[in-house]
Amino acid sequence: MPQMNMVQAINDALRLEMRRDPRVVLMGEDIGKVGGVFRVTQGLFDEFGDDRVIDTPLSEGGIIGTAIGMALYGLVPVPEIQFGDFIFPAYDQIVSELAKYRYRSGGEYSAKLVIRTPVGGGIRGGHYHSQSPEAQFIHVAGLKVVCPATPADAKGLLLASIRDPDPVLFFEPKRVYRAAKGDVPEGDFVVPLGKANVVKPGKDVTIVAWGAMLYEALDAAQKAAEKGIDCEVIDLRTLWPIDIDTIIESVKKTGRVVVVHEAPKSCGLGSEIVALINEKAFLHLEAPPKRVTGFDTPFPYTLENEYLPLSHRIVPAVVETAGY
Amino acid sequence: MSSMPAPKPAQPPAHLEDGHDTSNKAQVSTAHRPGTNGVDTSTLAVGPAVARHPGDTKSADVVKCLRDDGSLDPRTDPNLSSEEVVALYEAMLRTRILDDRLVTLQRQGRIGFHIGSLGEEAAILGSAFAMRPQDWMFPCYREFGGALWRGMPLQRYVDNMFGNSNDPAKGRQMPDHYCYRKAKVTSISSPIGTQITQGVGFAWGAKIKHDDLVTMIYFGEGATSSNEFHNGMNFAGVFKTPAVFFCRNNGWAISVPTERQTASRTFAEKAVAYGMPGVRVDGNDLFAVIKVTREAVERAARGEGPTLIEAMTYRLSGHSTSDDPKAYRPDGTLDPWRAQDPLARLRKHLHKHHGWTEARDKDLEARVDAELREAVKIAEATPAPSLDSMFEEVFADLPWHLSEQKAELVNGPRAKGHGH
Ligand SMILES: Cc1ncc(C[n+]2csc(CCOP(=O)(O)OP(=O)(O)O)c2C)c(N)n1
Ligand SMILES: [Mg+2]
């Protein structure tokens, strides 16, 4: 099996699907000749040409608005928003249009597209190149939200996302774009949406994480093991609809849970996960569920590593939860 | 402004003597005339973009065909058959009658809302007529006449007004937010302008696939201030998509007049900045509308790219049934536009050239009333959408959290007044 980083794995998935399905078109800023600012689409312009790998004008609203039109026409656009932080000019099209098309037309129309965008910290990008806006989209009925942590999952989840009938926001954790390396199956390979992955089984504390924070959770689990705490680490992979069964099964076993995410704490996905655990596994809880997250501040530049829920903040939360 | 002054052609500034509209000058209040307020504005372009007075449509750049005496200007005559003219007149009158009756139904509390097209029928039917069968309509919200023309059954439209289980939108949207795929009419949403970029993308998709179709994108002049207008025009210009931008300049965006939307002289001239032609047409002149829209469709189909059409018309009703226009627009100011009623103008032509009689108006009215009465009867007897349907089609399949919430609703107490 070839070793790839996440950028290569996503590129591989896009190439494969574009060869397989002529309806797939890519569009975005700088994705053509230069292959995207993170080089995710490198080489695709040469293979598929200007009609399928389209450098657009600088307008996220225009990109998503026209992509919806293309999707209505029967193409499967996979637009790239250069940074998740710049998705907001298209927010209206995503919230008011994309998410509601099937519903509001009584099923007559649906707009199938996958919006790829890099999210999260890790590149010293300050507020405007670091945010994790998943909760703002999960809160909108009709959108699926995916965030892979490994190259293999990036490939398999992207292929599943493109083939799924619903619109998908595909968040790529830029911190591990190149740092995450691993075996990636060759050829067609699908990781089903809506299925979390128990990356490390354990019996004492459940840690739920995704994207770049999975690696921090695994690091924290290792450090906790040195203190005699056996963590189970769940990689959510699909953020919405969430794989509640895997979480609840784990929490019923451990009775203790720590949720980790980069986005601000209040009304983050962690809040929803804790609420669901309270509703579904309250009597199994041995300790109050904990959240280790970004703070409710704009994403800071200099103090980035203080803001991020890195393993140094996860370990004490795990220890506290385990000893409650 | 208590009453609309008749436009007096003012002396055009030298740099505008090349056939540009100068009648707008008459709309600029004296306080802003050069020299009267101590500021010399003579080097600035003439006043705001207006279709505040029908006299504005007499400007040389505005395409017209139907003359005051009911005859047609042969230079712009789209050469319709007698049957076509009569069919279009009937469709326009049907639209107007439906508008009137739907307002009544709203006043009676039987439907919640209506947003109509009183005064804009020629612009709407003329442009719909100019579309070819394979072309797609991206409506704003005043174009039900066009959707019916293209084959949406009246019953489906009325079902949408009642939000019942036969509504194409399954009762999930307000009245007048229908869709009808078979007639190539896309789904209407409320946010202003969003259909503009979508219509461009749809046309772009067709172009990529080398399919011969054109999208007809409708919006009001207020929407030209939205980001979507800019995005759509810009993308369409850059990628030469086969789209026609059909701007109904009806003078108002709810209570906000055209001069609050733009400082451009016309809406059509905005096209220049996007590298496409822009044309002003008398929007109350069915023949002129057909002429320019047909040309725009043909141009797009030839691969020559998009066109912006500004149909100069006037909203003779309030914005919707929720609006009382008397608060911002004295009724008397409408008189010059009432005199340019697109139906009255067309009727004159019909009387003269197609043997139309008043009796046929009455006959049509009776037919439309009967047809609507029946549709309303059926719509009112059709049950509300099921509780289950509230959770369907959010996603293609029902995810766990929605099936939980569905069970919670279905097994919980019922609200009053939703037909359950
Ligand atoms: C984004 C957005 N802002 C505000 C509104 C409320 N609104 C509905 S119609 C309208 C005026 C639109 O005017 P225009 O584009 O000229 O179309 P017309 O109603 O005259 O046909 C406004 C402000 C809306 N629907 N969407
Ligand atoms: Mg208007």
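Guide: A polar contact is a pair of N or O atoms within 3.5 Å; within protein, one must be able to donate a hydrogen and the other to accept it, and residues adjacent in sequence count only if both atoms are side-chain atoms. This is a predicted model, where local features need pLDDT of at least 70, side-chain atom pairs count only at pLDDT 80 or more, and totals for chains, interfaces and linings use all residues. Residues are numbered from 1 along each chain as its sequence is written, chains are lettered from A and ligands numbered from 1 in the order in which they are written, and side-chain values use heavy atoms, with hydrogens and water left out.

Visitor: What makes B:Tyr141 a polar contact of ligand 1?

Guide: A polar side-chain atom of B:Tyr141 lies 2.6 Å from a ligand oxygen. The limit is 3.5 Å, so the pair counts. B:Ser190 uses a polar backbone atom instead, 3.0 Å from a nitrogen atom of ligand 1. That also falls within 3.5 Å.

Visitor: Which residues are the closest around ligand 1?

Guide: B:Tyr141, B:Arg142, B:Gly222, B:Asn250 and B:Trp252, out of 15 that surround ligand 1. To be near, a residue needs a heavy atom within 4 Å. The shell has seven nonpolar, five polar and three charged residues. Here Ala, Val, Leu, Ile, Met, Phe, Trp, Tyr, Cys and Pro are nonpolar, Asp, Glu, Lys and Arg charged, and the others, Gly among them, polar.

Visitor: Why is the pair A:Lys280 and B:Glu404 called a salt bridge?

Guide: The rule asks for a side-chain nitrogen of Lys or Arg within 4 Å of a carboxyl oxygen of Asp or Glu. The closest N and O atoms of A:Lys280 and B:Glu404 are 2.3 Å apart, so the pair qualifies. The rule finds one salt bridge across the interface of chain A and chain B. Over all chains, the whole structure has 52.

Visitor: What does the salt bridge of A:Lys155 and A:Asp12 tie together?

Guide: The N to O distance is 2.6 Å. A:Lys155 sits in helix H7 (151-163) and A:Asp12 in helix H1 (6-20), so the pair ties parts 143 residues apart in sequence. Helices are DSSP runs (H or I, at least four residues), numbered from the N terminus.

Visitor: How many residues make the contact between the chains?

Guide: Chain A gives 44 and chain B gives 46. Contact means heavy atoms within 4.5 Å. The buried area is about 3700 Å², 61% of it from carbon and sulfur atoms. Buried area is the accessible area (1.4 Å probe) that two parts lose on being put together, summed over both.

Conventions: Helices (H or I, at least four residues) and strands (E, at least two) are DSSP runs, numbered from the N terminus.
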